[in-house]
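Have the viewer open as you read.

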Amino acid sequence: MNIGRQWDERLRIWDDELARDIFPCIAQYDSEGFTTMEKLSFSQAKTKQFKKIPEGTKWGKKWEYGWAHASLTVPKEFRSKTVWIGSGLGPEMLVFVNGREAGSIDKMHSFVLAGKVPKNGVLDVYAEVYAGHGPRVEGAGVVRREDDPLPQVPAKQVKTKACFFGYIDEEMLEVYYDYHVLYELLKILPDTSVFAGRIFEALKVFTNTTCPEEEATVRRASYLKAGAGLKPLLLEKNGTDAPQYVAFGQSHIDLAWLWTRAETRRKTARTLSNQLALLERYDDYRFLICETVLFEWLKADYPELYERVKQAVKDGKLIPEGGMYVESDLNMAGAEALVRQFVYGKKMFREEFGTDSVLAWMPDTFGYTGALPQILKKCGIKYFATQKLIRQDPEYAAFPYNDFYWEGIDGSKILSHIYKKNNTDVSVADLCTRWYKDRLEYGKNDEMLYPFGFGDGGGGPVIGHMEILKRCRDLAGVPKVKIESPNAFFERLEGKGTDNTYFGELYLAWHRGTYTSQSEIKKLVRRAELKLRETEFLCGIARLFGEKDKDAEEQTETLYKRLLVDEFHDVLPGTSIERVNRETRDDLNDILRLATALSESLLLKLAGENAVFNSLSWDRVYKGVTLPACGIAAVNDKQYLHSSKESTGEKILASEENGENGKTVRIENGFYTALINENGEIVSLVDAKTGYEYVKEPFNRLSLYENINGEYDAWEIGENYKNTAISLKGTSSFAVRRIGKQVTVIVKREEEHFSVEQKIVFGSDTPVIDFDTKINWQERHRILKAAFPTSIFTKEVLSETQFGYIKRPTHRSRLYERGMYEIAQHRYSALTDGENGLLLLNDCKYGLSAKDGEMALTLLRAPVFPDPTADMGQHTFRYGIMPFSGPFSRSGCVNTAYEYNTEPTGDVSEIEAGLERTLSLFRVSSKNIIIETCKPAMYTDGIVLRLYESVGAASTCDLELPSNITGATLCDMLENPGETQKIEEGKVRLGFGAFEIKTLLLDFNGKLVF
């Protein structure tokens, strides 16, 4: 309602002034303390020597903590009141009152509640205070080479301020929020509203009859008397057709981002102690916490607080829900890693709290794989919720629905809801704006989720949030608010149903740079996922051999959980600060080291020395030797080579030529004829059988682009990068080497701020052309891509995702397609017209651009914020191409991509000497059915296989089993048994739909012998 400038100014002044009288101060207090770089428990800190902390004391190195202590005596007249404690000792702290975690003080929480004051009035107060580590920068803009993006933190970055304690004047709290809610409502109601006119008159009377400039007793009395006139207005109810929010407190806690994991462990305690205090104050309040790793950390670091949390869960006040161990990245995390997020997440919810998590709560992930609905369904998750898609770049197509069934690439459907915002304040304006302006669809829904509370760095809701919502439960002019679990919302939605269905991935048209930032982390994650796959496989096989190794199994699970934390959605995407990135690389290297040692130890125990293990579910030719499917092979220790039958493509010819455009090398084998120039670009690639020319413009064309973003530097690649190509004018050298059955073209290039050395390998027995690459990268705000512009006419690209592939458009006809100028892939992408195709392989590169017949692999980026050192230095990686003919479903491309990424376990240095004996444990009759996982069963002594159909074609296959397998049962991903399968002649017949995942629980008797 337009009430005019003068009245609006007067009402605002009273709104500000009333807030000053809610929290009267009792007294100032003095503190003593000490500083430390160690993580100390409360009991450890109490034993240290404390010194006086005068007001104005400067302290706080980067990453430093301080412990403070004070003893407060509350005067008798205030001991029955709600006492608050504030502190000016630092920006963020956990406060202990009489030995109990009382809450946190941070930029959104200015005090903690002391709880029940003892009869003697003494409050023994300790605080663990974090000094900080400098500015927390997400933005971008121009950064010159001479600029220092993040100046060093001063040696003493904190200056202490006065510390006070006081009490809550509950009557004034009531008056303030009565006035505040009505004042906010007045501003948004239309001029024609009769109710608005009544509110305006009441507020005018309030300001005209109160005395804000009188002394405290008179002022307070006037407020309380005038406040009684506001109460009737707050009793005005909505009509029966009013929409409703399901509201609950929450606090998104990033496990690592602009702070370290060690700091997050503290943030978890701060947040939950805050919320327990709020739950004690408001009986009808409910708080959601997801990510079970937070509970594990809390249990380890703050056991007494954890017991209070468990009691709050038991009392139905704290809602442990969300499904996942960690809210991980979903674009790049591996297939089995995503399954484990839900397996471990649900397992802890069940074991610790006796609850079954049925909601996938993923507010902040940067896009959602089309494989997820099937994973959710087979992990017992019924519902999915996020807010991220509403926040994508408004230049591109908006997501169409709030309520919908999300259909995955296999046809599985999950009931889903998209709400407006995650980390949020609470206001009358926001309650109305979200419903009347920010919905994605109108006329179809009458209810939405409304999570509230401060987050990212934790904290959660505050008293003011609850006071506003208390008055807006059913206030005329505002959507109704019901505080309850989000699951209750979904249960009602499930009963009503929805006509909306959305198929495929939930692509986020935003944060596309996360597929490439922090290249080394992505490489190590890929390696760690593969090595843990091998280790678990061998743990499972050890059971079949009667060599169950409980220690190895427990160590492997511990390593897997560490990996899942490293796949958090600000860590794997590369959007964290330098220290987080450094610690993550160290952790991943340690995981790799330990998993490698475990796998080698297990293999040695099972098969002795000189053994090799192939985890792929088909016979694999490796260095000319055939390794058995899912099998162990003993390498011949005699020094002679087994003769092998020559096959097509065994011979390779190479000749250097001089042409108009400089020197080239012609390479011929049984698969193709290739012509490669001095820059390492393939200028011709002709199929040996069909004569088809794959090259439209030179393959492996390295292109450098400017990438200056206005905000979210490490996150984003703006579409305009393609208009900012930077000419490469450096020097290059060129050499050809022939070793055995391979021809290698070595190209070295020196540019101004990076250098490249590539070994481009052509083999006689493989159609794959390998680009073994080393880059010394010293760029800023640049992107480097390797382009492959093919002659293939197609308008879609196939890119591997978890348990299958996703088809994406390569044209830009509509806003939706235009927004997909950078996409995510796993081990491969492919273009095909149905008869001619090109496979693009990689061993650690997830970013890709694809337009018409061109694929361009994003090799490196150079963001500056929040990590100015991002990707500076040496990089080694591989990518490759493989031309193929015929349909993609019969091309063997998926198998090639697995082989490109998966090395056999064991010492393969002498493998060309041949094999003495072999044992295939599992074999699948159809190549498109892949055994992704073999692992020890969680609840029995058996083993579990996870298989999936990989090319989008319904299939039936025979799974060959070891001789000691006595039972096979289909189960869900949580290993709950289902239908028993018949074993005939050592085989199980399995039928698969397109991209279907099956999990098989196997029982056995006796021991296998190798």
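The protein has 18 helices and 56 strands, counted as DSSP runs (H or I of at least four residues for helices, E of at least two for strands). Keep in mind that this is a predicted model: local features need pLDDT of at least 70 and side-chain atom pairs pLDDT 80 or more, while totals for chains, interfaces and linings use all residues. Residues are numbered from 1 along each chain as its sequence is written, and side-chain values use heavy atoms, without hydrogens or water.

How does the radius of gyration fit a compact globule? For 1010 residues, such a globule would come out near 30 Å, and the protein's 32 Å agrees with that; the radius is taken over C-alpha atoms, and the rule is 2.2 Å times the number of residues to the power 0.38. Along the principal axes, the C-alpha atoms fill a box of roughly 105 × 70 × 60 Å.

As for burial, 61% of the 1010 residues count as buried, meaning under 20% relative accessible area with a 1.4 Å probe, protein chains only. Look at contacts (heavy atoms within 4.5 Å) with a separation of 6 or more, and 75% of them come from residues 24 or more positions apart.

Now the cysteines. The structure holds zero disulfides, a disulfide being a pair of cysteine sulfur atoms within 2.5 Å. For C844, the nearest cysteine sulfur is that of C893, 20 Å away. C844 counts as buried because its relative accessibility is 2%. C934 has its closest cysteine sulfur in C630, at 7.4 Å, which is too far for a bond. C934 is buried too, at 1% relative accessible area.

Key:
Buried < 20%, exposed > 50% of the residue type's maximum accessible area, 1.4 Å probe, protein only.
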